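Student: I'd like a close look at one part of this model, the place where its chains meet. Could you walk me through it?

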Amino acid sequence: MTTTVSPRKRRVPEKAMPIVLGGGFLVLVAILWQIAAWAGLVNPFLTSSPVLIAGSLGDQIGSGLLLRSLGTSALELVIGFGMAAIVGVAVGLLMGRYRYVDYVVEPYVWLLYSAPIVALFPLLVLMFGLGSPTVVAITFLMSVIPVIVNSAQGVRNVDPKLIRTAVSFGAGETALLRKVILPASVPTVMAGLRLGVGRGLVGVVVGEFFAGDGGIGYNISFFAGHLGTTEVLASVFVVIVAGVLLNVGARKLESLADSWRTELP
Amino acid sequence: MTQGLRTRPPRPVAAAPPSRAVGLRWLPPVRARFVLGSLVVVLALWQLCASIGLVDVQFTSTPVAIVQAGGDLLSSGELWENAQTTLVEFFAGFALAVVVGVPVGMLMGWKLRIRQTLEPALIALYVTPSLALLPLVVLALGIGEASKIAMVFIEAVITIAVNAMAGIRETDPKLVQAARAFCASGGAMFGKILFPSALPTIMAGLRLGAGRGVIAVIVAELYGGTDGVGQLISTYGQNFDVAPLLFLTLVVGIFGYVVTALLRVLGTAATSWER
């Protein structure tokens, strides 16, 4: 007992180091930025300053603009990514399970993967009109690819011994899917969903640049058009916070979905 | 088809290929046949639906029209002229990202305190869409080439740095301990242990960074610019001229694929000592 106490004493500050150094770095950057803006070292028109950004965030919250925009963007993300999750997992399972489906669908997946989907926005605007439906379509197309690729990989990686055992015990295709393939591929599928939601966020923000009529991305583009650097940076800050929160949430869900798994001796 | 396959084995048996090789020999053609067949069927159906009026040609164009539009773009020199600008922007931004991202990432992987200081900021940027910075970059650098280069740089450098950091950190600690036990200097440790072991991950980072960079340069040109492939796409898009739009999107997709494939070959060559 006494031996474990002394290393722990030293370990506590060591554990705090990432927070102290990492957080300190961000605070330092903010302070230097503020000082540079006050001292007139940088052009505040181009770089704004943390105090101005905080003020602008306060204004946007007060006027309800921030909440409204967040609502619009979140709805687009939920619908677009939700559809991508359903379609992506279904297509990925089929591709992973049946070789011929894989061969037939493969070229289109790679096409979508390497083509700049945002460039298709005029086409999508033509189909869905300017506004949320087009942004949802871009979000869907952006986020469906990693979900498909990962789900297919997850199914392919299922231990063939498990499948052979289940089949020899008389499992049909449905039971096989529900009891063996799906549970065994959960980690890879979840990783795909996490990657997909990240790309979905890109889709929402960039989609709103070009085809939106509201939302955070639209605000960024709109304020930039009116040379409002401070408002742009405030919105970018919101996007960064949203991205970090989404990623943290996705990782939590990922470990939660995997927590039932027990290591067999 | 199956008959042809069944009659095949007897002859090569004399050459005594292992049974695995027989499977491998005819497996790729099956795959290629299905991929090609799927492409042909979809293109033919697309063309057919458009010509009998099942789908609106204004929305979807047709494969023939896309090929024609591609021919026009190529023969008029319009594509090559704009592609030159885009290529210069992409490679300038990507080269800058490699020059900055690899050393910074490796330093972060190597030195604990540097990593602890920079990691939260880097990861925050890694998980957020840095394309959100695009209007800001345009505001600061104008709609010329500088803002595109900056966007490619930002998109690529974060991915490259994160992977370089991961590569160094994944080095087998036993190797590091052994080198330390033999009193390796800092330089030797880095040049002989850390860098070679991180190289595959660094190359993977370059590949991902290049893919993101291609998207970034096109999106930046779409957003505003005077020339470049993205600007060309934007012009045709504003006229709702779908055939050249789809052709150009395809060209960009193929370019991204080729760059990624080239980097993959380069990475395999650079790490060939591993096997």
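How many residues of chain A are in contact with how many residues of chain B?

Tutor: Happy to. Keep in mind that this is a predicted model. In it, 44 residues of chain A are in contact with 42 residues of chain B. On the side of chain A that touches chain B, at least two residues each come from helix 1 (2-38), helix 5 (99-114), helix 6 (121-128), helix 9 (173-211), helix 10 (216-225) and helix 11 (229-257) of chain A. Helix 11 of chain A gives the most, with nine residues. By residue type, the side of chain A that touches chain B has 35 nonpolar residues, eight polar and one charged.

Let's take helix 10 of chain A next. The axes of this helix and of helix 8 (residues 134-141) of chain B come within 9 Å and cross at roughly 15°. Angles under 35 degrees count as roughly parallel, and therefore helix 10 of chain A and helix 8 of chain B are roughly parallel to each other. Their crossing is right-handed. From helix 10 of chain A, the residues A:I220, A:S221 and A:A224 meet B:P135, B:L136, B:V138 and B:L139 of helix 8 of chain B. This contact divides into six nonpolar residues, one polar and no charged.

Helix 6 of chain A is worth a look too. Its buried residues are A:F121, A:P122, A:L123 and A:L124. The cover over these residues draws on both chains: it includes helix 7 (132-156) and helix 9 of chain A, together with helix 12 (229-238) and helix 13 (242-270) of chain B. After helix 6 of chain A comes A:G129, with a positive phi near 85°.

Among contacts in chain B between residues at least 6 apart in sequence, 75% join residues at least 24 apart. One packed pair inside chain B is helix 6 (residues 78-110) with helix 11 (residues 186-223), at an angle of about 145° and with axes 9 Å apart. The crossing of helix 6 of chain B and helix 11 of chain B is right-handed. Among the residues making that contact are B:F90, B:F94 and B:W110 of helix 6 of chain B, and B:L194, B:I202 and B:L206 of helix 11 of chain B. The contact of these two helices of chain B divides into 14 nonpolar residues, four polar and two charged.

Terms used. Residues numbered from 1 in each chain as written. Chains lettered and ligands numbered in written order. Predicted model: local features only at pLDDT ≥ 70, side-chain atom pairs only at ≥ 80, totals over all residues. Contact = placed C-beta atoms within 7 Å. Helix = DSSP H or I, 4+ residues; strand = E, 2+ residues; numbered from the N terminus. Nonpolar A, V, L, I, M, F, W, Y, C, P; charged D, E, K, R; others polar. Axes fitted to C-alpha atoms, helices over the stretch in contact; angles between N-to-C directions. Left-handed = near helix turned anticlockwise from the far one by under 90°. Buried ≥ 20, exposed ≤ 12 C-beta atoms within 10 Å, placed from the backbone. Parallel < 35°, antiparallel > 145°, perpendicular 65-115°, else oblique.
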